[in-house]
Amino acid sequence: MIGISAAITALVGAVSGGAEAAVNRVTAMSSGDLQSAGIVSAIVLLIIWFVAYFIGGYVAGRMARFNGARQGVAVWLWAIIVAVVLAIVGAIVGQNVGANISGLPALPVNSGQLTTAGIISGIVVLVVALIGAVLGGLSGMRYHRRIDRAALEG
């Protein structure tokens, strides 16, 4: 899942002109219409997550052959478990390393808005990923149904 997401994100970045051009566009937009840039970014992110989880669910559905929806949910749950474990490891390692990130530029929003938007965005991403994984699992299972029908009829 992470590899597929990274590959799709790299493809989107390459098509849109690379990282430097993206940073320049965001910098130029920061003085303009930042809300529309955020909406476009959110839509692209949701498409990337949906496609990545659809592919993961499809593979799980093809491998398991039965219960494609259950396999899609399992893909989604394993991704969440891995993300939580990696976040915990990152927090522990980050504290031990003592990285100083205070010199980075800040977003022009207050922390209350950022927290609310982050929570809503996280829930939407989780739901879209779950839908993609379940649909992918069902699609992978359907492949085996067609093969089984062809074998029984022929």
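I looked up the confidence first: for this predicted model, the mean pLDDT (the predictor's confidence in each residue, from 0 to 100) of the protein is 78, and 64% of its residues reach 70 or more. Local features here need pLDDT of at least 70, side-chain atom pairs count only at 80 or more, and totals for chains, interfaces and linings use all residues. Residues are numbered from 1 along each chain as its sequence is written, and side-chain values use heavy atoms, with hydrogens and water left out.

Next I listed the elements, taking helices (H or I, at least four residues) and strands (E, at least two) as DSSP runs numbered from the N terminus. I found 5 helices and 0 strands, and I noted that confidence is lowest in helix H2 (residues 18-30), at a mean of 56, and highest in H4, at 88.

I then turned to burial, where buried means under 20% relative accessible area, exposed over 50% and partly exposed in between (1.4 Å probe, protein chains only). Buried residues make up 18% of the 154 residues. I picked out Ile48, in helix H3 (residues 34-64), which counts as buried because its relative accessibility is 8%. The C-alpha atom of Ile48 is separated by 9.4 Å from that of Ala129, 81 residues apart along the chain.

Last I checked contacts (heavy atoms within 4.5 Å): among those between residues at least 6 apart in sequence, 86% join residues at least 24 apart.
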